[in-house]
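Please consult the sequence and the structure shown below while reading.

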Amino acid sequence: MFDSLTISSLPSVDAALAVDLRALIADTVADMPTDKRARTWAGHSAEFSRKLGQAGYLGLTLPKAYGGQERGPFARFVVVEELLSAGAPVAAHWIADRQSGPLIHRFGTEEQRQFYLPKICKGEALFCIGMSEPGSGSDLASVRTRAEKDGDHWVLNGQKIWTTNAPQSHYMIALVRTSGTAADRHAGLSQLIVDLSLPGITIRPIEDLTGDSHFAEVFFDNVRLPADALVGSEGEGWKQVNAELAFERSGPERIYSSVILLDAWASHLREVGRSEASVRLLGGLTAKLAVLREMSIAVTAQLAAGESPVVEASLVKDLGTSLEQSIPSLIAEDLAAHPDEAVDPMLFKTLNYLSHIAPSFSLRGGTREILRGIIARGLGLR
Amino acid sequence: MSMSEIFEPFARLLSDIATPAAVRALEVSGDVAPIWSAVEASGYLDILVGEEFGGAGLTLSDAAPIFELLGRHALPLPIGDTMLARALLARAGVEYGADYGSAPIALVTGAQPCVGAGFASAFLTGSPTAPVLQAAEVSATGVHGDRSAVVSLSGSAELRPVAAILRALTISGAAHQLLEMTVAYANDRAQFGKPIGKFQAVQQQLAVLAEQAVAARIAAAMGARAGLDASPLQAALAKHNASVAAAQIAPIAHGVHGAIGISEEYDLQLFTRRLNEWRMADGSEAYWADVVGHARLGQPDVPTTQFIRSAI
């Protein structure tokens with residue numbers, strides 16, 4: 001079972017991308033405190049994203065004709081791994097580079113590709129994705145936000161919630177109902193590109209338990225969208241969203257969310273001396289990260305071969321987010337197992353930021369239970 | 001000749017001679033002859049021996065499916081051990097044919113029971129580059145159905161990495177066999193009017209089993225990629241993860257099967273007992289975690305990702 005997921009290696013031509021990128025990252029993260037770097041793909045800097053775009057690190061899988069690099073999934077793995085392991089602020093371009101760009105390239109019209117893709121590759125068009133609604137979380141097919149045709153326009157009404165980066169984004173790709181009712185489930189859903197500067201749109205940031213406001217509520221009140229806001233085919237939104245989720249679930253961002261903390265704690269162990277239990281814990285976490293990295297590369301190889309590894313990506317994401325969540329919990333236990341040892345305040349702050357935000361790791365991009373359901377279907381149980 | 005053409009005859013051979021009934025007979029009688037003579041005659045014992053020494057010259061990575069097949073059949077015999085030993089002895093120029101012929105060889109890497117030692121008549125110590133083959137006394141463990149044994153030699157920590165990688169590969173094979181058996185059982189066994197595999201609680205357990213089986217396979221492949229001269233750190237990444245998987249998979253497989261799974265006549269127990277044995281053999285997950293932890297602390301100011309990239 002899952003025999004097509006096999007060990008692979010990063011092509012050296014792609015691995016070489018990391019060298020120049022490292023210098024660019026070092027400039028940016030040099031003055032960032034550890035707890036800010038620990039935000040990894042939640043850290044936002046439009047300026048850094050533009051720098052990456054100018055240097056050719058965005059749109060790595062897109063054709064040169066649209067401003068991309070035509071390099072493929074392995075190149076993207078190398079760049080993303082380098083960014084995340086340094087804690088670079090990548091949120092601004094993250095969604096556009098990971099999924100909106102590939103989605104528009106795959107399903108969009110030639111006009112849409114020419115309009116959006118070059119901007120995405122330059123880090124100038126920032127996207128968010130409108131999926132969840134107050135009544136639609138894991139049951140995504142129950143979305144009620146609706147777009148009706150009015151002449152050559154769409155009129156959009158409804159509400160999205162938990163939309164990451166909505167306040168800082170230029171566009172949202174929203175999953176909405178264009179025909180039928182919620183009872184029609186997967187039929188009648190479409191994806192629309194919403195220009196967030198249009199009248200009738202209200203965005204309200206939501207503060208999370210760490211004090212950050214990375215996600216938001218977005219309200220649509222008779223928003224008039226041009227006919228060409230539709231991306232892909234009308235009524236095919238469900239299929240398109242699922243193709244998109246294979247990109248969303250397979251990357252190194254599903255294993256590295258706590259790696260900045262792991263590094264900081266390893267430095268702490270070197271300073272204070274090491275108990276045998278601490279060394280064993282550090283070794284176990286590092287070994288598990290190593291095999292997950294190989295699994296993530298194996299999924300990347302499937303993407304590079306043109307496959308759509310939906311089940312395999314779910315499998316890696318579930319294992320990866322479980323490890324990401326265990327890291328702050330186990331480090332907390334280990335640090336406080338030595339009450340007479342002082343802990344650097346920044347390490348303490350970083351640990352607690354991750355302890356508080358870690359529950360989100362197995363929520364974003366599909367909950368643990370949903371992913372295990374997908375794996376069970378892959379096993380032939382459903 | 002393609003790789004699958006190399007492996008298929010061996011797969012067919014094991015299907016014929018290494019049936020669950022034959023494995024049970026081995027455990028009871030300790031008589032290696034029926035299976036060993038067939039394996040010896042197949043020529044596969046020299047699969048890793050260099051072509052210049054008359055072997056097939058496969059790398060450990062190429063031959064990984066062979067070792068996984070041994071796990072898929074829950075074989076307690078030291079077949080993989082003998083394949084590794086013959087490759088190491090051949091390239092070191094050690095002559096052993098006159099004394100030991102094609103005898104089963106066990107790898108002795110410590111003071112605890114060694115896999116298959118109860119079946120072996122020759123024992124390997126020394127190191128991968130300077131292997132030493134000799135006879136020894138063995139003490140049975142007395143554990144029901146167990147043919148591992150403590151060997152009267154000083155175990156070699158230098159052989160432990162390659163032995164651990166072999167164990168990771170057989171864990172991976174057994175894990176995938178258990179995954180298939182357990183999914184099939186969940187689809188077959190009905191309770192409350194439907195197959196138990198239709199219940200979400202069972203599905204979620206099987207998803208975890210699948211995740212661990214795939215993790216074990218990729219981990220074992222990492223070890224195999226490092227080859228016969230794998231460093232302790234490379235072996236550690238493989239065996240730590242394979243042992244972690246083994247410890248999770250056996251209880252899930254038993255939990256889904258219920259009481260039938262712990263009965264002697266049902267085959268599940270052959271695989272889960274082997275997983276428990278191989279998890280501990282040549283260092284558990286904790287032993288190899290220590291190896292990784294010390295190596296990690298020995299490289300200051302290197303981020304984790306860079307450490308991993310240079311380790312693999």
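## Domains of chain A

The model is predicted. Chain A is assigned three domains: domain 1 covers residues 12–125, domain 2 covers 129–236 and domain 3 covers 250–378. Between the C-alpha centres of domain 1 and domain 3 of chain A the distance is 22 Å. These two domains touch through 17 residues of domain 1 of chain A and 18 residues of domain 3 of chain A.

On the domain 1 side of this contact, helix H3 (34–37) and helix H5 (73–86) of chain A each contribute at least two residues. The largest share, 7 residues, belongs to H5(A). Sorted by class, the side of domain 1 of chain A that touches domain 3 of chain A holds 8 nonpolar, 5 polar and 4 charged residues.

## Domains of chain B

For chain B the assignment gives domain 1 (3–156) and domain 2 (160–311). Their centres, taken over C-alpha atoms, are separated by 21 Å. The contact between them draws 25 residues from domain 1 of chain B and 27 residues from domain 2 of chain B.

Helix H2 (20–29), H4 and helix H5 (79–92) of chain B are the elements that give two or more residues to the domain 1 side. H4(B) provides the largest share of that side, 7 residues. In composition, the side of domain 1 of chain B that touches domain 2 of chain B has 15 nonpolar, 7 polar and 3 charged residues.

## Contact between the chains

Chain B places 43 residues in contact with 40 residues of chain A. At least two residues of the chain B side come from each of helix H7 (160–188), H8, helix H9 (232–257), helix H11 (285–297) and helix H12 (304–311) of chain B. H8(B) supplies the largest share of that side, 13 residues. The side of chain B that touches chain A divides into 26 nonpolar, 11 polar and 6 charged residues.

## The largest nonpolar core

The largest nonpolar core comprises 227 residues, and those with the most contacts inside it include A:Leu192, B:Leu206 and B:Leu237. Helix H8 (residues 200–226) of chain B gives this core its largest share, 16 residues. In soluble globular proteins, nonpolar side chains tend to be buried together.

Which residues does B:Leu237 touch, leaving aside those up to four places away in sequence? In chain A they are A:Ala287, A:Ala290 and A:Val291. In chain B they are B:Ala219, B:Met222, B:Val292, B:Ala311 and B:Ile312.

## Packing of H1 and H4 in chain B

Helix H1 (residues 3–17) and helix H4 (residues 64–72) of chain B pack with their axes 10 Å apart, at an angle of about 10°. H1(B) is therefore roughly parallel to H4(B), the limit for this description being an angle under 35 degrees.

From H1(B), the residues B:Phe7, B:Phe10, B:Ala11 and B:Leu14 meet B:Pro65, B:Ile66 and B:Leu69 of H4(B). The residues of this helix contact comprise 7 nonpolar, no polar and no charged.

## A loop residue of chain B

B:Asp301 lies in the loop between H11 and H12 of chain B. Is B:Asp301 buried or exposed? B:Asp301 is exposed, because 9 other C-beta atoms lie within 10 Å and the limit for an exposed residue is 12 or fewer.

Notes: Residues are numbered from 1 along each chain as its sequence is written. Chains are lettered from A and ligands numbered from 1 in the order in which they are written. This is a predicted model: local features need pLDDT of at least 70, side-chain atom pairs count only at pLDDT 80 or more; totals for chains, interfaces and linings use all residues. A nonpolar core is a set of buried Ala, Val, Leu, Ile, Met, Phe, Trp, Tyr and Cys residues joined through C-beta atoms within 7 Å. A residue is buried if 20 or more other C-beta atoms lie within 10 Å of its own, exposed if 12 or fewer, and partly exposed in between; C-beta atoms are placed from the backbone. Helices (H or I, at least four residues) and strands (E, at least two) are DSSP runs, numbered from the N terminus. Two residues are in contact if their C-beta atoms, placed from the backbone, lie within 7 Å. Axes are lines fitted to C-alpha atoms, for helices over the stretch in contact, and angles run from 0 to 180 degrees between N-to-C directions. Angles under 35 degrees count as roughly parallel, over 145 as roughly antiparallel, 65 to 115 as roughly perpendicular and the rest as oblique. Ala, Val, Leu, Ile, Met, Phe, Trp, Tyr, Cys and Pro count as nonpolar, Asp, Glu, Lys and Arg as charged, and the others, Gly among them, as polar. Domain bounds come from an automatic or database domain assignment.
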